[in-house]
Amino acid sequence: MFRRRSEPIRHQRVRELLSSYLDAQASERERELVERHVATCEACRRYQEELRDTVQAVRGLPQVTPPRTFTLAQAPRQRMAWALPSWGTPLATATAAALFAVLILGEVTGLIGSPVAHPTAMPSSEALSLKALVQPEAAPEPTPAASDALESLAVQDETPPAATQELSRSSADTSPPPPEEAAQPPLQVPLLPWLQGALGLLAVASGAWWLRRRRAIR
Amino acid sequence: MQRSRLGDLTAFNQLVERYQGPVYNLALRMLSYEAAAEDVTQEVFLSAYRALGQYREGSFKAWLLTITANACRDLLRKRKRRQETSLEEMVETSGDRSVSPSPTPEEYTLRREVQREIQQALNHLSHDHRLAVLLVNLQGLDYGEAARAMGVSLGTLKSRLSRGRAQLREHLLTARGTREP
C-alpha cells in the first residue's frame, strides 16, 4: 500500500505547483491536487493569496517609455559578410575538432615534426623495439648481460623470426651496423612548425567563433 | 520582416520602433540602471540586424528578448568582475516616463515606493529566476516562448518561475513589514 504523503511535503509540493496553477498552466491532476489541498489548508490558502499579489505587483510595474529611439541611422557593418550557410556552423565545429585531434595525435605519436623509420624498412615492430634496446645510437660494445639475454632468446625460439635473427647477428657481430642501415633516411611528415602554429590558431579561432556565435544568438 | 531580412534599413527601423519598448524595459528591470539599459538596447538592435538571417520562426519579440537576456547576462558578469557599484545603489528605475496615468502626489509617492520595493526584490533574485519572472509576468510571454527564450525545458521554466516568485514574495513581505511596523 502507498503511504500517504507527509503533511510538510504536501504543503511544499502544493506551493511549488501554485505558480503554474495561478497561470492556468498546471495539469489537470496538479490542479485537482492544489484545489483539494487549498480548500482545507488555511496556511496554503494564505500563501496562494500572497503569491497572487506578488505576481500582480510585478505585472503592475510600469512600462517605462524608452528615453530615446534606437532606430539605426545607417546599416551596421556586417561582421558576417562571409556568413556561412546553415551547414557552416557544424562544418566549422567539425573542422576545429579535427584540427585539434590531428595536432594532439601528431604530438602524442610523434608523427608530426619528429623523424620515424620508413615503414618499408621496418622488419617488424618487435624488431624495432628490441633493436632499440640493444643498439644504442653510438653502437657501443654489448654488455655481457645483453649478449646472454639475446642468446637465451635465440634458444627459446627454435625458429626465430627474421627480427630475432637480425638481433642475433647484430649481437654476435660487435661491429657497428652497416652504414646503409644506420643511415636509413627517417620519414618526416612535412609539417613545418609555423604551419603547426597556424593550424592551432585556426582551430582555436574556429572554436571561439563558434562559441561566441552560439552564445550571442541562442 | 522579409524586407528587413533583405537589408532594408527602413523596414528594420519599423521593427525597432515596435519592439524597443519591451527590449528596453527588460534590460532596465534586469540591470536596474538606465544608462546600461540604453546601451544594451542599442546593442541588441545592432546584433539583431546583423543576425536577421538566423531568425527562423516563432515570435520575433521572444527572439529579441533572448538576445536582450544574453546581453544583460554578459554585462552583469562584466560588472561583477569589475566590482562596480552594488545593485542596491543603482536602483533608479525612473517612473517619470512611464505610460501609467498620472496619479495624485500621494498616490504617486506610494506607487514609486512600491515599485522601488519590487525592483529591489527582483534584484535579489538570481539572473535565471529574475529572467523567468520578467519574461512571463512583465513581457507577457507564454510558458513555451519564455522557455525557448531562456533555452530551457518547460519543466525548468516552471521551476524557476515558482522559485523566483516564492523568493519575491518573501522579499516583498519583509519590505512591507519594514514599511508598516
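**Close-up 1. A salt bridge between Glu50(A) and Arg169(B) in the predicted model.** In this predicted model, Glu50(A) and Arg169(B) form a salt bridge in which the closest N and O atoms are 2.8 Å apart. The pair crosses between chains, with Glu50(A) lying in helix H3 of chain A, residues 42–59, and Arg169(B) lying in helix H9 of chain B. A search of the whole structure, taken over all chains, finds 14 salt bridges, and the count between chain B and chain A is 3.

**Close-up 2. A salt bridge between Arg165(B) and Asp23(A).** Here the side chain of Arg165(B) meets the side chain of Asp23(A) in a salt bridge, with a distance of 2.7 Å from N to O. Across the interface of chain B and chain A, 15 residue pairs are found in polar contact, both residues of each pair being at pLDDT 80 or more.

**Close-up 3. The side of chain B that touches chain A.** The elements of chain B that give two or more residues to this side are helix H2 (9–31), helix H3 (34–50), helix H4 (60–82), helix H6 (105–123), H7, H8 and helix H9 (154–179). The largest share, 11 residues, comes from H2(B). By class, the side of chain B that touches chain A is made up of 25 nonpolar, 16 polar and 12 charged residues. The contact as a whole takes 53 residues from chain B and 39 residues from chain A. The area buried between the two chains is about 4,500 Å², and carbon and sulfur atoms give 56% of that area.

**Close-up 4. The crossing of helices H7 and H8 within chain B.** The axes of helix H7(B), residues 127–138, and helix H8(B), residues 143–150, come within 10 Å and cross at roughly 145°, and the crossing is right-handed. On the side of H7(B), the contact is made by Asp128(B), Leu131(B), Ala132(B), Leu135(B) and Val136(B), while H8(B) contributes Tyr143(B), Ala146(B), Ala149(B) and Met150(B). The residues of this contact divide into 8 nonpolar, no polar and 1 charged.

Terms used: Residues numbered from 1 in each chain as written. Chains lettered and ligands numbered in written order. Predicted model: local features only at pLDDT ≥ 70, side-chain atom pairs only at ≥ 80, totals over all residues. Heavy atoms only, no water. Axes fitted to C-alpha atoms, helices over the stretch in contact; angles between N-to-C directions. Helix = DSSP H or I, 4+ residues; strand = E, 2+ residues; numbered from the N terminus. Left-handed = near helix turned anticlockwise from the far one by under 90°. Contact = heavy atoms within 4.5 Å. Nonpolar A, V, L, I, M, F, W, Y, C, P; charged D, E, K, R; others polar. Buried area = accessible area lost by both parts, 1.4 Å probe. Salt bridge = Lys/Arg side-chain N within 4 Å of Asp/Glu carboxyl O. Polar contact = N/O pair within 3.5 Å; in protein donor to acceptor, adjacent residues only side chain to side chain.
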